[in-house]
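Please consult the sequence and the structure below while reading.

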Amino acid sequence: MWSNFFLQQEDDGRVGTAALGGVGGKGGRSGKRPKPPRMSDSQEGKIKLAFFVALIGVTLTVLGMGTEFWVELSQPKHSRNNQTCEMAHYGLWKLCVRTLWVSDIDPERESCGPAELPGESNCTYFKFYTSGENAVIFKKTTEKRLHIAGAILALFSLFLMIMGSVCITMSLSKSVPFFLKPATICFIFSGVLVFLSIIVFHQSVLALLASDHSIPLHHQLSWSVACLGSAGAILIFGGLIFLLLSLPYNPLEKCFPQQSSSDA
């Protein structure tokens, strides 16, 4: 009984579709779902170029996050009254204390450094990710909550970069512009989170310096932060390009017009 019922329903559906097709003049094809718009070769080329720019930002972010040159802390080079002085540099994960020769330091420089000079180095990983212990640098104590918050922001920005890259890969493989808008959100927000991570990290450095005033320290942000700042700007720029490419009316067509067939 049920098999006869379903066969009758299927026959009625075919008859209805044929009737609608007869009115529209297209037969049974009118019942099919319309295909999503496909990207042109020119649009795919622009997306690949924007994706390459975004990947540069991702690379700089990974480089900045993985290195320990976010900030340099330098004692006065004559504080120990001998031929050596100490300075420290650290990032999100690791701290390095270096002993430098005073004779190698620029005579016009009053503090110990920079970190690129030859000397002995002692590096350790921060323990507040495992045991929750604060680090002590030249009698100054780190603010682990701010430090961990900066690391979480950096990791979440990296997660958004991966998601944005997956969206662009799917858009290019399927040749549909649907995934451009999610990629736009991922890359723009990842760039914003990179800048927020730098700001929170700098606040943790200021909290470290304010924890003890017995030893004067000179601090400066180093090249890892420069990589992250450049990465944040590149990611936001790449996200804005994806946003323009996802619009129905593409403003980039005026900047990169397609060649007509007569020119070819």
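The points that follow are grouped by topic, after a short note on the source.

This is a predicted model, in which local features need pLDDT of at least 70 and side-chain atom pairs count only at pLDDT 80 or more, while totals for chains, interfaces and linings use all residues. Residues are numbered from 1 along each chain as its sequence is written, and side-chain values use heavy atoms, with hydrogens and water left out.

**Disulfide count and pairing**

- A disulfide is taken as a pair of cysteine sulfur atoms within 2.5 Å, and the count by this rule is two.
- With the bonded cysteines of the protein chain numbered in sequence order, the pairing reads 1-3, 2-4.

**Cysteine 85 and cysteine 112**

- The sulfur atoms of cysteine 85 and cysteine 112 are 2.1 Å apart and form a disulfide.
- This link of cysteine 85 and cysteine 112 is right-handed, with 75 degrees about the S-S bond.
- Cysteine 85 lies in strand β2 (residues 84-90) and cysteine 112 in the loop between β3 (94-101) and β4 (119-125), so the pair ties together parts that are 27 residues apart in sequence.
- Strands (E, at least two residues) and helices (H or I, at least four) are DSSP runs, numbered from the N terminus.
- Cysteine 85 is buried at 0% relative accessibility, and cysteine 112 is buried with a relative accessible area of 0%.
- Buried means under 20% relative accessible area, exposed over 50%, and partly exposed in between (1.4 Å probe, protein chains only).

**Cysteine 96 and cysteine 123**

- Cysteine 96 is joined to cysteine 123 by a disulfide, with an S to S distance of 2.0 Å.
- Because cysteine 96 lies in strand β3 and cysteine 123 in strand β4, the pair ties together parts that are 27 residues apart in sequence.
- The link of cysteine 96 and cysteine 123 is right-handed, with 110 degrees about the S-S bond.
- Cysteine 96 is buried at 1% relative accessible area, whereas cysteine 123 is partly exposed at 34%.

**Other cysteines**

- The closest cysteine sulfur to that of cysteine 167 is in cysteine 186, at 5.1 Å, which is too far for a bond.
- Cysteine 167 is buried, with a relative accessible area of 12%.
- Cysteine 227 also counts as buried, at 14% relative accessibility.

**Serine 157**

- Serine 157 lies in helix α3 (residues 144-174) and is buried, with a relative accessible area of 0%.
- A polar atom of the serine 157 side chain lies 2.5 Å from the backbone oxygen of alanine 154.
- Apart from neighbours within four places in sequence, serine 157 is in contact with Ser190, Leu193 and Val194, where contact means heavy atoms within 4.5 Å.

Conventions: Polar contact = N/O pair within 3.5 Å; in protein donor to acceptor, adjacent residues only side chain to side chain.
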